[in-house]
Amino acid sequence: MSSEADAIVSAIIAKWCAGFATLDATALSSLYAKNAFFFGSNPKLYQGRDGVADYFNGLPRWRKPSAAFSEVQTAQAGPDVINMAAIVSFDFAGERPELVVKMSWVITREDADWKIVNHHVSSRVPMI
């Protein structure tokens, strides 16, 4: 784990959590690569920034959502690629039960900035 990768991922997580707190689809989609693949909380694969924005615009309009990342692991997979895995706890201020998932990102350098190119969410509950 490199401190540079940790710093890059921490900055993206902070922006992601801020965008999620207001369900700002524009801010959130700006964190993703032009050709991103996005598997969120439903079975559909969303593609590109427009797809990411569609996903977040399609979520219920909770009054005070929040996301907290824990057990964050990062690995520099190459000079322009970072892997991230974490547990993410979503709190909806009583509007629905808390949701805790596994999340992984592949982050790449695009246009001199770091962008999420692959986003995957999966259940913490064993499937087999």
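Hi everyone, let's start with Asp 113, which is partly exposed, at a relative accessible area of 35%. Please keep in mind that this is a predicted model. Asp 113 pairs with Lys 115 in a salt bridge, and their closest N and O atoms are 3.7 Å apart. Lys 115 has a relative accessibility of 13%, so this residue counts as buried.

Asp 111 is exposed at 61% relative accessibility, and Lys 34 is partly exposed at 45%.

Next come Asp 80 and Arg 109, whose side chains meet at 2.7 Å, N to O. Here the loop between β3 and β4 is tied to strand β5, because Asp 80 lies in that loop and Arg 109 in that strand, 29 residues apart in sequence. Asp 80 is partly exposed at 37%, and Arg 109 is partly exposed at 40%.

Now, a word on the backbone. Most residues other than glycine have a negative phi. Leu 23, though, has a positive phi, near 50°. You'll find Leu 23 in the loop between α1 and α2. Is Leu 23 buried or exposed? With a relative accessible area of 5%, Leu 23 is buried.

Ala 93 also has a positive phi near 50°. Ala 93 lies in the loop between β4 and β5 and is partly exposed, at 46% relative accessibility.

Note on methods. Residues are numbered from 1 along each chain as its sequence is written. This is a predicted model: local features need pLDDT of at least 70, side-chain atom pairs count only at pLDDT 80 or more; totals for chains, interfaces and linings use all residues. Side-chain values use heavy atoms; hydrogens and water are left out. Helices (H or I, at least four residues) and strands (E, at least two) are DSSP runs, numbered from the N terminus. Buried means under 20% relative accessible area, exposed over 50%, partly exposed in between (1.4 Å probe, protein chains only). A salt bridge is a side-chain nitrogen of Lys or Arg within 4 Å of a carboxyl oxygen of Asp or Glu.
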